[in-house]
Amino acid sequence: TYYNGPRKWWQWLKQELQNNNDMGKFWSKHELLNLCKELGVTGEVVPQETWQPYAHYRFDLLIYS
């Protein structure tokens, strides 16, 4: 795993508390669809095909104006 020791876990916790995670921002479907709504565009969630790695949590988002 990425956080494979106490030092990395502490670095992760510090970054989380500072809202500065080096892994980046992971957006939920709900967050992205709300953002589309706020911007006046339509968002459509497209699930990953089940054979693809990590399909259980990854998705695509099509945005229409």
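Guide: Please note that this model is predicted. We may begin with Gln 11, which counts as partly exposed because its relative accessibility is 38%, between the limits of 20% for buried and 50% for exposed. Gln 11 is placed in helix H1.

Visitor: Is Gln 15 buried or exposed, and why?

Guide: Gln 15 has a relative accessibility of 19%, and therefore counts as buried, since the cut-off is under 20%. Gln 15 also belongs to helix H1, which covers residues 6–17.

Visitor: Which residues does Gln 15 contact, apart from its neighbours within four places in sequence?

Guide: With those neighbours set aside, Gln 15 is in contact with Asn 20, Asn 21 and Asp 22. Asp 22 may also be compared with Gln 11: the two are 11 residues apart in sequence, and their C-alpha atoms are 9.7 Å apart in space.

Visitor: How does one find empty space?

Guide: A probe the size of a water molecule, rolled over the atoms, shows where empty space is left. Here, the largest pocket holds about 160 Å³ of space.

Visitor: Which residues line the largest pocket?

Guide: Its lining consists of Phe 26, Trp 27, Tyr 57, Arg 58 and Phe 59. By class, four of the lining residues are nonpolar, none is polar and one is charged.

Methods. Residues are numbered from 1 along each chain as its sequence is written. This is a predicted model: local features need pLDDT of at least 70, side-chain atom pairs count only at pLDDT 80 or more; totals for chains, interfaces and linings use all residues. Side-chain values use heavy atoms; hydrogens and water are left out. Helices (H or I, at least four residues) and strands (E, at least two) are DSSP runs, numbered from the N terminus. Buried means under 20% relative accessible area, exposed over 50%, partly exposed in between (1.4 Å probe, protein chains only). Contact means heavy atoms within 4.5 Å. On a 1 Å grid over the protein atoms alone, a cavity is a set of points where a 1.4 Å probe fits but cannot get out, and a pocket is an open set with protein on both sides within 12 Å along at least five of seven lines; lining residues have an atom within 4 Å of a point. Grid points are joined across faces, edges and corners, and a volume is the space filled by probe spheres set on the points. Ala, Val, Leu, Ile, Met, Phe, Trp, Tyr, Cys and Pro count as nonpolar, Asp, Glu, Lys and Arg as charged, and the others, Gly among them, as polar.
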